[in-house]
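Good morning, everyone, and thank you for making time for this. Please look at the structure as I bring it up, and we will go through it together.

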Protein chains: 2
Amino acid sequence: MSDQATIEGLQLTSNVRSSGQVEVALARVPQPDPAPDEVTVRVEATPINPSDIGLLFGPADLASLRTTGSSDLPAVTADIPPRAMTMLAARVDQALPVGNEGAGTVVRAGASPEAQALMGRRVAMLGGAMYAEYRTLKVRDTLPLPQDASAADGASCFVNPLTALGMVETMRRENHSALVHTAAASNLGQMLNRICLQDGIGLVNVVRSDEQVAILRDAGAKHVVNSSAPDFMASLIAAITETGATIAFDAIGGGRLAGQLLTAMEAAAVARMTTYSRYGSDTFKQVYIYGGLDPGPTELNRAFGFSWALGGWLLTPFLQKIGPEQAGKLRERVLRELKTTFASHYTKEISLRDVLDPEVIKGYMRRATGEKYLINPSLA
Amino acid sequence: MSDQATIEGLQLTSNVRSSGQVEVALARVPQPDPAPDEVTVRVEATPINPSDIGLLFGPADLASLRTTGSSDLPAVTADIPPRAMTMLAARVDQALPVGNEGAGTVVRAGASPEAQALMGRRVAMLGGAMYAEYRTLKVRDTLPLPQDASAADGASCFVNPLTALGMVETMRRENHSALVHTAAASNLGQMLNRICLQDGIGLVNVVRSDEQVAILRDAGAKHVVNSSAPDFMASLIAAITETGATIAFDAIGGGRLAGQLLTAMEAAAVARMTTYSRYGSDTFKQVYIYGGLDPGPTELNRAFGFSWALGGWLLTPFLQKIGPEQAGKLRERVLRELKTTFASHYTKEISLRDVLDPEVIKGYMRRATGEKYLINPSLA
């Protein structure tokens, strides 16, 4: 490959300075020649997921956001509250590339037959550093897309689809038969709803507005509960009783919701008991926190006995736990149902430079339900 | 046995009335003739454990405590706040006998050889209703005591010793190598400290006063951290780093302590990391809440990544999980080390009638460290 000219392209990085700012910037970086088991991909679509936003700006105060950098290579800088800096010690003064997943076309391939077979193919990719014009990565971190799939179709092949499937798989492996999901009107939530409808699994969708109730009802959801309604707890207990849900996946994290889920599961379990126990029911109740839409503290009133667990849940450790064979089966299902169950809907397509535009930043930082941004690095 | 006169004796019960009071009362109840596999025991010693107090008075407002009943059969009554009544629905208008464990002498025995072999023997007992002059129960719920053990020696054979051993066993089974314990100056905490010293297990004792630090230091504890000291978090992180503790057992429940334990474990894990991850360390951190000395809400700041779990822990489900053979081994160890590792120290010995004395109630409801009450139902 060394007889070819080096490919160079824009790459977006986030750098927390020891002086207490985060700088998000574009730089022109050369692509290494692909190793035998690698390919270089021209990135054509890469989504902005909540997990990307965490790496982009961390706990920065966006009111202090200002434009820095040059007109050719723009940048934005924002201040980080001093008390938040201690949590970031391990990433200080490193320009970290951003972007969990994406899709694009293979423009160079290493010498191995597996790499060569991908030349010119459209592939989905996982592995970070996707907010860039080019990405060189191992063949095993790519997924060749069906011929009729666009880069936008394949851009969100991994994080949301595998997270939704991972929740259902976790439910089964830990011997539960139905589940609860919060922030359920999200792209991920709608995907989970489609999986559960298709597989006949009881799902209680928890949302926080009537508009979100409508989104899920229109999508055929059977159980939708509005946490801002006055009868929230009664409706939640009724839906949990009907489905038998004893596990929940919570994207909110902060506030009282995780505890309310455990309390409602316990109320459903206690109603089935015939004798009193001051230790509560022996029905095991699990809530996994997998996001932090509310970064505030989690508050548990512990009105749910002693047979419960609250924990963190992340996709990568889950995939490691189930092993490559099982993970491969989940990936195959995603490809089979890419345009149906696992279809993502984007409301805005933006360029790499747009990611650094203060007005656009305000838009994607809102994390509004139904809004999802797609970066197309091939846009000017 | 039917040619013998029926044995009758005092029994203490707790009754939550639907009208919103709890009445704790003594009644004279006849003992059934023991079935072939049963014995009747004259109760000579039974401790007041925190779990007994929960059943005795529940969430009653002790400021409203008044003496009711007769001079022959005294009783006390206290009001229950209306919002707390919903949690008690399953026990309303039932006179529930109290007292988890105790020890005494077998005065009648069923026809089976196993029961007959216990006649006249001193035994420890588990199974509730121990706050009574007599208790008829299955042979398998008794544990014959060594000849040199008094009833007081054997009265706390089960709850504290098996809980302390259960913590160490849970630590091993869940692949941790050292542990943290809160409210560590309690009788249970001192027992756990002796087990860990003997077995060479790293233990971080968390207490809340200098007096409690001194109690544990005098008992040879290596790591004692005072949660009311200004350098609490730094000391906790240092002790966790030194021991490698990744599991904690928390008797407090409410407040920020459980979250602080996870935060300190995460800080120790992050210090060992060489690359930054915005999801925190991949070191799995577990906190089990096994008590509720602070009945207020649990507050978690979630500054500890995603690899963590918080849950309830109770002795009975633990013993069921490990099965009768393993549980038997733990019991054997308790008997072998009854007067050393598992010795309990009582500061007050009281009669059954004393349990209903408002002044005495104030004393045992304080749950002060180092104070432990023993009921001797054979006292007048």
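This is a predicted model: local features need pLDDT of at least 70, side-chain atom pairs count only at pLDDT 80 or more; totals for chains, interfaces and linings use all residues.

Across the interface of chain A and chain B, the rule finds 13 residue pairs in polar contact, both residues at pLDDT 80 or more, where a polar contact is a pair of N or O atoms within 3.5 Å; within protein, one must be able to donate a hydrogen and the other to accept it, and residues adjacent in sequence count only if both atoms are side-chain atoms. Residues are numbered from 1 along each chain as its sequence is written, chains are lettered from A and ligands numbered from 1 in the order in which they are written, and side-chain values use heavy atoms, with hydrogens and water left out.

How many salt bridges are there between chain A and chain B? The count is zero, taking a salt bridge as a side-chain nitrogen of Lys or Arg within 4 Å of a carboxyl oxygen of Asp or Glu.

On the side of chain A that touches chain B, the elements that give two or more residues are helix H1 (50-57) and strands S15 (253-255), S17 (294-300) and S18 (308-312) of chain A; helices (H or I, at least four residues) and strands (E, at least two) are DSSP runs, numbered from the N terminus. The largest share, seven residues, comes from S17(A).

S18(A) also pairs with strand S18 (residues 308-312) of chain B, in the antiparallel sense and over three bridges, and strands count as paired if DSSP finds at least two bridges between them. Within this pairing, A:Gly311 has B:Ala309 in S18(B) as its bridge partner.

Inside chain B, strand S4 (residues 61-69) runs antiparallel to strand S5 (residues 74-79), and five bridges join them. S4(B) and S5(B) form a hairpin with four residues between them, and the bridge partner of B:Gly69 in S5(B) is B:Pro74.
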